[in-house]
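Visitor: I have a new model open and would like to go through a few local details with you. Could you take my questions as they come?

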Amino acid sequence: MSSVDLHVHSNASDGTLSPTQVVNLAKEKGLSAIALTDHDTVKGIPEAVHAANQTGIELVPGIELSCMYEGCEIHILGLYINPNEADFAQAIEELAAVRARRNEEMLRRFNEGGFGITREELTAGNPDTVITRAHFARVLVEKGYASSMNQAFQKYLQYGGPYCMRKEKISPRRAMEILTKNHAFPSLAHIMQYKLGWSENEKLVSYLKDLGLKGLEIYHSSHNQGQIPRLTKLAKDYGLLPTGGSDFHGSNKPDIQIGIGRGNLNLPYTLLADIKKEMGR
């Protein structure tokens with residue numbers, strides 16, 4: 001049975017492998033299709049498409065948008081985006097500008113605090129990457145200020161702390177508008193990470209469904225097997241298609257492997273086939 005991974009990151013955002021390396025790794029692991037869903041950017045997609053054409057892997061162009069819902073950061077995946085559509089491209093450029101302003105302020109605060117971090121260290125040879133907190137965490141570990149990525153996040157990168165101000169975020173309504181106008185397939189990512197409770201989960205899904213949500217990421221590296229039946233029912237109750245992915249980031253999340261997550265994922269191609277059918281592909 002052919003397997004897929006519909007939530008994968010490259011070094012166009014906070015992954016550590018290039019889009020080509022991600023595609024080649026997917027091929028090596030026997031996957032038939034992956035979705036490249038970098039944070040708030042589509043810069044890795046052309047390279048990934050080229051690599052996919054060379055290897056025979058099916059590449060789903062995607063994105064992961066961050067937004068704020070009632071004080072909680074949530075992520076919405078867009079599958080089968082058209083990265084060249086004018087309004088979409090403008091919206092993504094606006095998101096990149098907001099993130100860039102925040103990163104410059106974080107860099108200033110760290111350097112005023114005596115950490116001596118440079119932009120070149122953050123981008124690690126990929127000047128076009130979308131810098132995230134994970135980039136700062138990696139450099140803090142490399143320079144010996146933290147023993148692990150997790151410690152770097154806990155010690156220096158908590159939102160609202162002295163080095164990491166809360167970033168400007170778009171609303172879920174705006175995120176959904178960006179994706180639906182682009183005729184993408186919007187899916188709510190890793191809902192259990194938000195720790196909202198089941199009644200609030202349903203409230204969130206209902207709200208997003210009214211805005212055009214089409215999928216719910218039921219299968220994810222952070223979801224345990226006991227949660228799957230209830231998530232499946234939630235998706236069915238609201239007419240949403242199940243999606244799933246590892247949330248692979250390379251060595252930035254070393255315990256998560258492409259295709260299998262922490263070892264418990266094995267996502268059939270039928271997940272993707274249903275999405276394609278829904279979209280008339």
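Visitor: Is Lys195 buried or exposed?

Guide: Bearing in mind that this is a predicted model, Lys195 counts as exposed, because its relative accessibility is 74%, and the cut-off for that class is over 50%.

Visitor: Where is Lys195 found, and what is its phi?

Guide: Lys195 is found in the loop between strand 5 (185-188) and helix 8 (198-210), and its phi is near 55°, a positive value in a residue other than glycine. Most residues other than glycine have a negative phi.

Visitor: OK, and Asp40, what about its phi?

Guide: Asp40 is not a glycine either, yet it has a positive phi of about 55°, and its place is in the loop between strand 2 (31-36) and helix 2 (45-55).

Visitor: Buried or exposed, that Asp40?

Guide: Asp40 counts as buried, because its relative accessibility is 9% and buried means under 20%.

Visitor: Switching topic: which residues of helix 6 are buried?

Guide: In helix 6, which covers residues 149-156, the buried residues are Met149, Ala152 and Tyr156. Seen down the helix axis, these buried residues fall within an arc of 65°, so they line one face of helix 6.

Visitor: Why would that spacing work?

Guide: An α-helix has 3.6 residues a turn, so residues three or four places apart point the same way.

Visitor: What do the buried residues of helix 6 pack against, and which residues are exposed on the other side?

Guide: The buried residues of helix 6 pack against helix 3 (86-112) and helix 5 (133-142), while Asn150 and Lys155 are exposed on the other side of helix 6.

Technical notes
Residues are numbered from 1 along each chain as its sequence is written. This is a predicted model: local features need pLDDT of at least 70, side-chain atom pairs count only at pLDDT 80 or more; totals for chains, interfaces and linings use all residues. Side-chain values use heavy atoms; hydrogens and water are left out. Buried means under 20% relative accessible area, exposed over 50%, partly exposed in between (1.4 Å probe, protein chains only). Helices (H or I, at least four residues) and strands (E, at least two) are DSSP runs, numbered from the N terminus. The arc is that of the directions from the helix axis to the C-beta atoms. Contact means heavy atoms within 4.5 Å.
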